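This briefing is meant to be read beside the sequence and the coordinates. It begins with a core residue and then moves through the topics one by one.

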Amino acid sequence: MCGEYVSFRTIAISAANNAAGASFWGMSSTTEQTSEGDFAPDAIVVGAGLAGLVATHELVLAGRKVLVIDQENRANLGGQASWSLGGLFLVDTPEQRRLGIKDSFELALQDWLGSAGFDREDEDRMAREWARAYVRFATDEKRDYMRALGWRSTPVVGWAERGGGLADGHGNSVPRFHLTWGTGPEVVRVFLEPVLAGEAKGLVRFAFRHQVDELVTDDSGAVTGVRGTVLAPSDTERGFASNRDAVGDFSFAAPTVLVSSGGIGHAHDLIRRNWPTERLGPCPETMISGVPAYVDGRMLGISESAGAALVNRDRMWHYTEGIMNWDPVWPDHAIRIIPGPSSLWFDATGIRMPAPCFPGFDTNETMKRILSTGYDYSWFVLDQSIIEKEFALSGSEQNPDITGKDLKLTLRSRLAKGAPGPVEAFKEHGVDFVVADSLAELVAGMNKIARGPRLDVAELERQIVARDREVGNPFTKDAQIAAITNARKYFGDRAGRVVKPHRILDPAHGPLIAVRLNVLTRKTLGGLQTDLDSQVLRPDGTVFDGLYAAGEVAGFGGGGVHGYNALEGTFLGGCIFSGRAAGRAMAAATGS
C-alpha cells in the first residue's frame, strides 16, 4: 500500500486547528440560546452551511448584525461542504494556461447551456440568467475573490464530466475542476474565519440546535422573522445523526431572512416522490446516502407554504458510482468513486455499456442506461494498474493528504507505486469490492454480492477479450479506448490520472477487481426560485419581500442554475456565488 491511511477525523481537526483556531473545530458542542433582548439582527440566516457562511461574511463586511440559526451543533459549521472534495469550476485560469488548456467564457457558456438543456419557459426563466452570470463570475472574479480570502488550489486541473460526445451537448470540453489545497474544510475555513471574527466583535450570534418550523410574515406578506423548536443539546461529532427532541420554542425577528438550509439528499422519501421516472427510468429500490442525515429538505416545504415559488423539483444529481463506506459516519454513509476513464462498465445483466456511458463522462445518461435494465446497480471491472492510477474517492475524509495540506504525504500517496491508502482500504474492506486472480473467481465473487441476475463468465470474458484486442494499435474503433487516447493527450491525465491502455486480462496488471456500483444520493438541482440578488420570488414572479435563498435550497441560484446536468466543481461555487449575492443584497436592503 502506498502511503499511510490516517483517519480524517484526526487530520481534519489538526489541520483546522492550525488554520482556523480551536474556536472552529475544538469548541464544545453545547446548545447556545440567543435572545433578541440585547441583539437586534439586521439579518437572520437559516442554515450554517457554506452558502450561509458566505452570506454572513458579506453582511459582516458591511457592518450588519447577523443571527445564524442551525438545527445542528457548532461542530457542524460549514455543513455538507466540509465533507466535499473541494473542487471549483473555474474558467481561463493561470493553472489551466500553464497546462496548455485554452478556455474561454464563450466555450464554458456553450458547455453550460449544452449541459443544462433549459426547456421550461417559466421555471427556467431566472436559471438562464443565473447560468450566464455564474459562468461570467467563474471566468472573471471567482478565483481572485477566493484567493483574497487565502484559498489556493492544487496545480493540476481535473477533467470532470467529460460529456456525451457532441460539441454543443453535455460535458466539459476542457479540464476546469480546480481542487482546493485543503479540500472542503479549507473552502469552509476561508469564510468561517471572518464570520468567527465577526462573532468576536459582536456582529454575529449563533443559535445552534434551533429548528425553524415557520417563516413569519406581516400584514403585507413580507417575511419578518422565523419561529421554531429548540432541540435538546447534542454533543455528536460532525456529520453524525443528532436527536430531534424538543425542549422549547423560539421566535426571532429581522428585516431580512436568508434560507440556506441545503437540499433533499438524505430525504429518500422526498427523492422518491420527485424522481423523474419518465426521464431517467424507475426510482432505484436501493439508494445509499452521500450526505449527512441533516440534509432533510425541510425548509423547501416550509418556504413554499409561506408563499415561495418552488421550481424544477424533479431535477436532481445523483451518482451512479456509489459504494458503501466501510467506516461510516452517518446512516447509510456512502462514497462516490471518481473514476478515470479506463474501467470497463457493465450493467447488472453483464452487458458492457455503450458511449457515452463511460466512467466520468455522462452521469445522467449512465443512470438512465443502468435503470433501463430493471436493476439499480452496475459493475466496474478493472485491474490493479487501473485502480492505482485512476481511482479517487470523493470527500475530504477520503483524501487526508490533501485535506491536511501535507505535501510529503500527498507526493508519497499520489506518485509512488500503489494506490492511495484510502483506496486500498476500500479494496480490502469494502463490501462492494471483489478481488481475484482469475476471471472465473472474479465472476463467482460478483455473483455472491449481486442483487440481480447471475453473470455468465464466458459472456463477460468474450466482451473483455474483444476490448483487449483493440489496444494493440494506436488507433481503434472502440469508443472508450479512443476517449482514453484523447485524455492522455492532456498532461494532467497522462501524468496522474489515466493509465496507458493495456489488456485488462494480462496477469502482469493483476489482480482483477470488480466493484458493485450503487446509486448514491447527493444534490438537489431545483429549488426556490430567486432573482440575481438571491431574493426569493413568488409563483407569479413577483419579489417575496424580506426573503432570500442561497445554495442548494435555491438550486444553487435561480431555482436551478444547472438545468438537467452539472459540470462538477459547480456546487460549492454555486453556494459561494449565490451566498455572496444574498449577503450583498441583504446588506444593501438594511443599510442606513
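Apart from its neighbours within four places in sequence, Met146 is in contact with Leu88, Trp151, Val187, Val190, Phe191 and Ile576. The model is a predicted one, with an average pLDDT of 92 for the protein and a score of at least 70 for 93% of the residues.

**Nonpolar cores**

- The largest nonpolar core has 70 residues, and those that touch the most other members are Leu50, Trp112, Met146, Phe191 and Ile576.
- Helix 21 gives the most to this core, contributing 10 residues.

**Helix 11**

- In helix 11 (residues 298–306), the buried residues include Met299, Leu300, Ile302 and Ser303.
- The elements that cover the buried residues of helix 11 include strand 1, strand 6 (210–217), strand 9, strand 11 (310–311) and strand 19 (527–528).
- Gly307 follows helix 11 and has a positive phi, near 120 degrees.

- In strand 15 (residues 377–383), seven of the seven residues are buried.
- Side chains in a regular strand alternate between the two faces of the sheet.
- In strand 15 both faces are covered, with Tyr377, Trp379, Val381 and Asp383 buried on one side and Ser378, Phe380 and Leu382 buried on the other.
- Strand 15 pairs in the antiparallel sense with strand 14 (residues 344–347) over four bridges, and also in the antiparallel sense with strand 18 (residues 512–524) over seven bridges.
- Ser378 takes part in both pairings, being the bridge partner of Asp347 and standing opposite Leu517 in strand 18.

**Asp432, a buried acidic side chain**

- Asp432 is placed in the loop between helix 16 (421–429) and strand 17 (433–436).
- With a relative accessible area of 1%, Asp432 falls under the 20% cut-off and is therefore counted as buried.
- The side chain of Asp432 reaches the backbone nitrogen of Met324 at 2.8 Å, and a polar contact of 2.8 Å also joins the side chain of Asp432 to that of Arg516.
- Leaving out residues up to four places away in sequence, Asp432 touches Ile323, Met324, Ile449, Ala514, Val515, Arg516 and Asn518.

**Where to read with care**

- Over residues 1–36 the pLDDT stays under 50, and for this stretch the model has 88 contacts beyond four places in sequence.

Technical notes: Residues are numbered from 1 along each chain as its sequence is written. This is a predicted model: local features need pLDDT of at least 70, side-chain atom pairs count only at pLDDT 80 or more; totals for chains, interfaces and linings use all residues. Side-chain values use heavy atoms; hydrogens and water are left out. Buried means under 20% relative accessible area, exposed over 50%, partly exposed in between (1.4 Å probe, protein chains only). Helices (H or I, at least four residues) and strands (E, at least two) are DSSP runs, numbered from the N terminus. Contact means heavy atoms within 4.5 Å. pLDDT is the predictor's confidence in each residue, from 0 to 100. A polar contact is a pair of N or O atoms within 3.5 Å; within protein, one must be able to donate a hydrogen and the other to accept it, and residues adjacent in sequence count only if both atoms are side-chain atoms. Two strands pair if DSSP finds at least two bridges between them. A nonpolar core is a set of buried Ala, Val, Leu, Ile, Met, Phe, Trp, Tyr and Cys residues joined through side-chain atoms within 4.5 Å.
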